[in-house]
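Please keep the sequence and the structure in view while working through the numbered points.

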Amino acid sequence: MLRVDLAGGLRLESDGAELAPPASRRARAILAYLALNPGPHPRGRLAAAFWPDVLDESARTSLRAALSELRRALGPAADHVVATRETVALDGEGLAVDARAFDAALARGDATAALAACRAPILDGFEDDWAQ
């Protein structure tokens, strides 16, 4: 079980134990982006979004390094980072993301459950353009 909380800042928990988030700002941002945006994302688009001022090959290399760092930080829960040659996603059985629970509760019309899922601003502390 991997729990990713984005409300009030990034917090991670695996099987009841708190995990330290990845050390680098970019790896934390990619984790938050994938948690907030379900589904597979093209590697090229992620690389360009997070490393816009470098050549494509360098951006893709940086993305691979950030994903490796993310997997190390997640430890046994790293299998939730689902990566192919073309796409990357945060998915899998036992994944819980507070922002996704918030959206699901709103879709059901359950405002009480939505507020319980996210009691603080989502992505608080993230300064990247995509987070705004």
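The points below treat the sheet, the nonpolar core, the aromatic rings and the salt bridges in turn.

1. The structure under review is a predicted model. The remarks that follow should be read with this in mind.

2. Three strands form an open sheet in the order 4-6-5, and their pairing is antiparallel. Strand 4 (41-42) and strand 5 (81-83) are the edge strands, each of them pairing on one side only. Strand 5 and strand 6 run antiparallel and are joined by three bridges. Within this pairing, V81 has L90 of strand 6 as its bridge partner. As background, the strands of a sheet pair through backbone hydrogen bonds, in either a parallel or an antiparallel manner.

3. The helix across the sheet. Which helix lies across strand 5 and strand 6? It is helix 3, and its direction makes an angle of about 145° with strand 5.

4. The nonpolar core. The largest nonpolar core comprises 33 residues. V4, L6, I30, L74 and L90 have the most contacts inside this core. The elements that supply two or more residues to it are strand 1 (2-5), helix 1 (25-36), helix 2 (43-50), helix 3, strand 6 (87-90) and strand 7 (95-97). Helix 1 gives the most, namely seven residues. In soluble globular proteins, nonpolar side chains tend to be buried together.

5. The surroundings of L74. When neighbours within four places in sequence are set aside, L74 is in contact with L2, L12, L19 and V81.

6. The aromatic rings. The structure holds two aromatic pairs. One of them, formed by Y33 and F50, is edge-to-face, with 5.8 Å from centre to centre and 85° between the planes. This pair links distant parts of the chain, since Y33 belongs to helix 1 and F50 to helix 2, 17 residues apart. Is F50 buried or exposed? F50 counts as buried because its relative accessibility is 4%, and the cut-off for burial is under 20%. Ring pairs also join Y33, F50 and W51 into a cluster.

7. The salt bridges. Five salt bridges are counted in the model. Side chains of opposite charge can pair when their charged atoms come close. D5 is buried, at a relative accessible area of 12%, whereas R11 is partly exposed, at 41%. R3, D5 and R11 are linked in a network of salt bridges.

8. R60 forms a salt bridge with D56, and here the closest N and O atoms are 3.4 Å apart. Where do R60 and D56 lie? Both are in helix 3 (residues 56-74), four residues apart, which corresponds to about one turn of the helix. R60 counts as partly exposed at 26% relative accessibility, and D56 is also partly exposed, with a relative accessible area of 46%.

9. A salt bridge with an exposed partner. The side chains of R108 and D110 meet in a salt bridge, at 3.9 Å from N to O. R108 counts as exposed because its relative accessibility is 57%, and the exposed class begins over 50%. D110, at 29% relative accessibility, counts as partly exposed.

Definitions and conventions: Residues numbered from 1 in each chain as written. Predicted model: local features only at pLDDT ≥ 70, side-chain atom pairs only at ≥ 80, totals over all residues. Heavy atoms only, no water. Salt bridge = Lys/Arg side-chain N within 4 Å of Asp/Glu carboxyl O. Buried < 20%, exposed > 50% of the residue type's maximum accessible area, 1.4 Å probe, protein only. Core = buried A, V, L, I, M, F, W, Y, C linked by side-chain atoms within 4.5 Å. Contact = heavy atoms within 4.5 Å. Pairing = 2+ DSSP bridges. Axes fitted to C-alpha atoms, helices over the stretch in contact; angles between N-to-C directions. Phe/Tyr/Trp six-rings, centres within 6.5 Å; stacked < 30°, edge-to-face > 60°.
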